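Visitor: I would like to learn how to read the features of a structure like this one. Please give me the general idea each time, and then the case at hand.

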Amino acid sequence: MAPDRNPNRDSTAGEGATFPGKTYAEHVLKHVFNDQRDHLFAAMFAVHRAHVLMLGTRGLISRAHTTKLLQAIEEVATNPQAAWQYDPQYEDLFFMVEAKITEKVGPEVAGNMHIGRSRNDLGVAMYRLVLREKLLHVIDSVLQLREALLQKAHEHIHTVMPAYTHTQPAQPTTFGHYTLAMFDVLTRDTERLKHAFLTVNQSPLGAAALTTTGFPISREQVKALLGFDGLVENSYDAIGGADYLLETATSVATLMTNIGRWVQDLLLFCTREFAAVRVADPYVQISSIMPQKRNPVSLEHSRALASSAIADAQGVVTMVHNTPFGDIVDTEDDLQPHLYRAMHKAVRVLSLLNVVVRTLHIDKALLAKRAKEGFITITELADTLVRNYSIPFRSAHHITSAVAKEACARGLEMYELTPVHLTPIFEKFGYGDVAMTSTELARLSDPAYFVHVRNRPGGPNAKEVKRMLTQRRQSWEKDTAFWKQKKIELAEAATSLQQRVRSLIRSR
């Protein structure tokens with residue numbers, strides 16, 4: 001028996017008989033409109049200007065209509081963004097803007113503004129215009145952090161410290177060598193972001209709904225007017241392809257994942273137990289009741305924001321996954337805010353870390369002391385037995401393992417060992433003729449010597465780190481030049497477009 005329905009609770013009451021239904025408008029279109037207004041407003045008008053200019057140049061609309069349309073576009077564009085509020089009589093911001101332009105020039109003139117295009121290629125173009133600017137912002141923030149790391153690495157070329165594997169002290173290195181490693185990771189992150197920018201900065205305009213148009217439009221002209229590097233040539237790809245979104249999302253997610261691992265290190269290093277680094281006072285927080293506390297909240301926020309950025313970026317991948325290859329809302333307005341949030345949070349993380357790194361204090365003396373503890377230089381004892389005494393490496397490893405166990409049982413550090421401690425062990429393994437001196441043992445227990453002899457390419461030897469720093473500075477300068485050039489190109493394209501529009505309007 002079917003339950004009685006309360007007519008007063010009918011969920012379809014008041015929905016209306018035509019599109020859009022009240023609930024659809026409230027829960028979908030209003031939110032889409034607000035996102036378009038807040039993020040795509042300027043991009044939409046840029047596309048309108050370029051498209052109308054092209055239509056006029058190609059003779060698809062008259063010069064008089066071209067100037068009237070451009071004048072109307074400029075007037076409507078001056079309305080403050082905040083003044084644009086959702087109205088259910090317009091499906092989205094595009095239709096509202098078109099209606100406002102039509103009010104100024106009439107349907108006969110405004111009606112041809114849409115020749116040779118669709119909301120499909122218009123939408124993808126707007127997304128790409130916005131994303132390329134945000135990618136450049138992220139790249140700029142990465143470059144600033146990379147510069148901070150270069151500076152810190154240069155300051156600590158000779159700062160010996162323990163390096164860790166499996167969270168345990170492993171071998172001595174330097175803080176400069178360690179910091180340069182993070183710089184190299186960020187360099188690869190920069191390359192991923194640059195490639196994402198180049199993928200994004202391709203024009204889909206002229207693809208129209210999916211198959212281009214029968215009108216003799218110029219895709220190349222619109223591309224140039226808007227500062228795109230090239231065309232998404234295949235019109236189906238221009239509309240259906242979503243890999244530009246995925247590449248942007250995954251480059252940001254990879255960046256934030258890499259950053260998160262390094263932030264975790266810093267949080268450990270600045271604990272009272274480690275006490276290896278000290279976050280500057282402007283970036284720590286005290287407790288409300290424990291005055292001795294120095295909470296490294298700047299690093300904690302960096303870790304939390306990085307994780308949140310990864311979640312937003314992963315949301316993009318999830319939304320695109322298993323969608324049809326074509327025009328589909330999953331890759332459109334509902335998706336874009338996830339990318340914007342991911343990139344905005346990434347910039348916040350990078351900005352925080354930039355100032356934290358530049359003001360970070362490193363306890364050189366404490367790190368040097370720790371680099372002598374825990375037998376982390378004993379690899380060099382094994383290497384010396386191979387190089388100087390012709391003992392097979394595996395045998396040398398067994399000998400040094402026995403040395404470490406014996407010393408630990410006696411409560412001795414490696415720098416406390418003497419030939420008296422080692423001779424019985426050498427004899428036990430059949431190498432009683434090995435006679436190390438106290439001077440030789442002292443050298444082998446010195447972390448600075450350990451670092452010095454590791455002078456192969458990429459090692460922590462000071463000269464090698466200096467060589468890498470010089471090379472890395474050049475890579476940073478090259479990436480900075482890329483960023484500056486792209487900023488200039490986009491600014492010049494925007495200025496040129498505005499000048500052409502104004503010139504036509506003035507010539508009326």
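## Reading the model

Guide: Start with Ala275, which has a relative accessible area of 32% and so is partly exposed (buried is under 20% relative accessible area, exposed over 50%, partly exposed in between, with a 1.4 Å probe and protein chains only). The model is predicted, so local features need pLDDT of at least 70 and side-chain atom pairs count only at pLDDT 80 or more, while totals for chains, interfaces and linings use all residues. Residues are numbered from 1 along each chain as its sequence is written, and side-chain values use heavy atoms, with hydrogens and water left out.

Visitor: Where does Ala275 lie?

Guide: Ala275 is in the loop between helix 9 and strand 5 (helices are DSSP runs of H or I with at least four residues, strands are runs of E with at least two, and both are numbered from the N terminus). Its phi is positive, about 55°, although Ala275 is not a glycine. Phe375 also has a positive phi, near 60°, and is not a glycine. Phe375 sits in the loop between helix 12 (364-370) and helix 13 (378-389). With a relative accessible area of 9%, Phe375 is buried.

Visitor: Which residues does a cis peptide bond join?

Guide: Phe19 and Pro20 are joined by it, with omega about 0°. Pro20 belongs to the segment before helix 1 (22-57).

Visitor: How many residues does helix 5 have, and how far does it reach?

Guide: Helix 5 (residues 119-155) has 37 residues and reaches 54 Å from its first C-alpha to its last, close to the expected 54 Å (the expected span is 1.5 Å times one less than the number of residues). Of those 37 residues, 28 are buried, so helix 5 is largely enclosed by the rest of the structure.

Visitor: How are aromatic pairs read, and how many does the structure hold?

Guide: A pair of aromatic rings is described by the distance of the centres and the angle of the planes. The structure holds 12 aromatic pairs (rings of Phe, Tyr and Trp, the last by its six-membered ring, pair if their centres lie within 6.5 Å; planes under 30 degrees apart count as stacked, over 60 as edge-to-face and the rest as tilted). Tyr164 and Phe274 have ring centres 6.0 Å apart and planes at 50°, so this pair is tilted. The pair links distant parts of the chain, 110 residues apart: Tyr164 is in strand 1 (residues 160-165), and Phe274 is in the loop between helix 9 (243-269) and strand 5 (277-278). Tyr164 is partly exposed, at 29% relative accessible area.

The rings of Phe175 and Tyr178 also form a tilted pair, since their centres are 5.8 Å apart and their planes at 45°. Phe175 and Tyr178 are three residues apart in helix 6 (residues 175-200), about one turn of the helix. An α-helix has 3.6 residues a turn, so residues three or four places apart point the same way. Phe175 and Tyr178 are both buried. Ring pairs join Tyr164, Phe175, Tyr178, Phe269 and Phe274 into a cluster.

Visitor: What does Thr179 touch?

Guide: Leaving out residues up to four places away in sequence, Thr179 touches Leu149, Lys152 and Ala153 (contact means heavy atoms within 4.5 Å). Thr179 is found in helix 6 and counts as buried, at 3% relative accessibility. Thr179 and Leu149 are 30 residues apart in sequence, and their C-alpha atoms are 6.2 Å apart in space. A polar atom of the Thr179 side chain lies 2.7 Å from the backbone oxygen of Phe175.

Visitor: Which residues touch the most other members of the largest nonpolar core?

Guide: In this core of 129 residues they are Leu69, Ile101, Leu226, Leu255, Met256, Ile259 and Leu299 (a nonpolar core is a set of buried Ala, Val, Leu, Ile, Met, Phe, Trp, Tyr and Cys residues joined through side-chain atoms within 4.5 Å). Helix 5 contributes the largest share of this core, 19 residues. A second, separate core of 22 residues includes Phe375, Ile378, Ala407 and Met414.

How values were computed
Polar contact = N/O pair within 3.5 Å; in protein donor to acceptor, adjacent residues only side chain to side chain.
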